[in-house]
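Thanks, everyone. I'll keep this brief. Have the model up on your screens, please.

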Amino acid sequence: ARHIGAMAECASKLGIALPISISIGVDPAIEIGSCFEPPTTPLGFNELMIAGAIRNEPVKLVQCVSIDEKAIANAEYVIEGEILPNVTVREDNNTNTGYAMPEFPGYNGAACNNCSVIKVKAVTHREKPIMQTCIGPSEEHVNMVGIPTEASIIDLVEKAMPGRLMNVYAPSCGGGKYMVVMQLKKTVPSDEGRQRQAALLAFSAFSELKHVILVDEDVDIFDMNDVLWALNTRYQGNLDTVFIPGVRCHPLDPSQSPEYNAAVKERGISCKSIFDCTVPFHLKGKFKRAQFMDVDIDKYHIHQVR
């Protein structure tokens with residue numbers, strides 16, 4: 001589903017090289033925009049528009065020196081080259097380990113046997129450039145990936161059922177892809193059940209999603225202690241879990257494989273799960289959190305200590 005992969009495949013079928021530029025060391029808005037993927041940004045969508053919207057300023061591009069293509073103007077380094085048609089190489093060609101690199105789930109990813117080959121034609125850089133990288137898996141890596149996951153889900157759910165979804169959080173423990181916490185507000189009896197509809201929409205918005213935890217408006221979704229509190233006090237496993245087996249997810253999860261489960265026919269097929277930790281609408285009055293009185297600081301004399 002990667003745009004550049006689809007473009008390279010088309011170019012290979014035509015027997016022509018695909019000119020590309022690789023911009024290294026760009027600003028955070030561009031890094032976040034680059035993490036978006038289909039269906040939120042379908043083939044042909046320019047993710048640089050997202051970066052421009054985030055910082056309210058267009059992304060400046062510059063003409064490459066060796067190929068007819070553009071690059072990010074403020075990048076520290078730019079590698080210019082061509083993806084050669086119908087030429088591939090093993091990803092572990094130099095190490096022969098069978099693995100490529102640490103991936104976002106926290107495990108080493110298996111090496112691909114047919115990676116495309118890029119013929120580098122030029123390398124340009126700024127004066128005294130700084131080599132910037134993102135080491136994964138790390139908080140930086142998975143949080144950056146999680147932002148587009150959240151945005152994709154909010155976008156689709158809000159279009160389908162406006163006004164009910166309050167927020168979405170893709171915690172780092174889910175790699176930014178495998179799990180989200182969705183906060184919804186039930187205001188009328190007919191809202192009951194719509195929280196699970198929202199979870200189904202989330203799976204549609206982001207196909208690599210595996211687990212959805214649903215919580216009420218009084219739960220802090222950015223505090224996983226609070227989320228797990230809701231799981232322990234507003235959830236019964238046999239009543240509030242929805243299983244959707246046999247659905248395509250992401251092959252980098254080692255539990256999604258025939259070796260782990262014989263019922264899984266190929267890697268990347270998963271059982272998606274919804275954990276409904278919302279209070280049934282008719283019981284909302286019985287699940288009110290303990291309240292504490294506000295402190296009136298005007299009643300107390302505050303002495304400044306120097």
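**Cavity, cysteines, sheet**

The model is predicted, and the count comes to one cavity of 30 Å³ or more. The volume of the largest cavity is about 40 Å³.

Which residues line it? The lining of the largest cavity is made up of M161, R164, L184, K185, K186, D191, R194 and Q195.

Next, the cysteines. How many disulfides are there? The count is zero. Why? A disulfide needs two cysteine sulfur atoms within 2.5 Å. Take C112. The closest cysteine sulfur to that of C112 belongs to C115, and at 4.0 Å it is too far for a bond. C112 counts as partly exposed, with 29% relative accessibility.

Now C134. The closest cysteine sulfur to that of C134 is in C35, 8.0 Å away, so again too far for a bond. C134 is also partly exposed, at 27% relative accessibility.

Last, the sheet. Five strands form an open sheet, in the order β8-β9-β10-β12-β11. The pairing is mixed. Which strands sit at the edges? They are β8, residues 165-169, and β11, residues 241-248; each pairs on one side only. From one strand to the next, the twist averages 20°.

Look at the β11 end. β11 and β12, residues 269-276, run antiparallel and are joined by six bridges.

How values were computed
Residues are numbered from 1 along each chain as its sequence is written. This is a predicted model: local features need pLDDT of at least 70, side-chain atom pairs count only at pLDDT 80 or more; totals for chains, interfaces and linings use all residues. Side-chain values use heavy atoms; hydrogens and water are left out. On a 1 Å grid over the protein atoms alone, a cavity is a set of points where a 1.4 Å probe fits but cannot get out, and a pocket is an open set with protein on both sides within 12 Å along at least five of seven lines; lining residues have an atom within 4 Å of a point. Grid points are joined across faces, edges and corners, and a volume is the space filled by probe spheres set on the points. Buried means under 20% relative accessible area, exposed over 50%, partly exposed in between (1.4 Å probe, protein chains only). Two strands pair if DSSP finds at least two bridges between them. Helices (H or I, at least four residues) and strands (E, at least two) are DSSP runs, numbered from the N terminus. Axes are lines fitted to C-alpha atoms, for helices over the stretch in contact, and angles run from 0 to 180 degrees between N-to-C directions.
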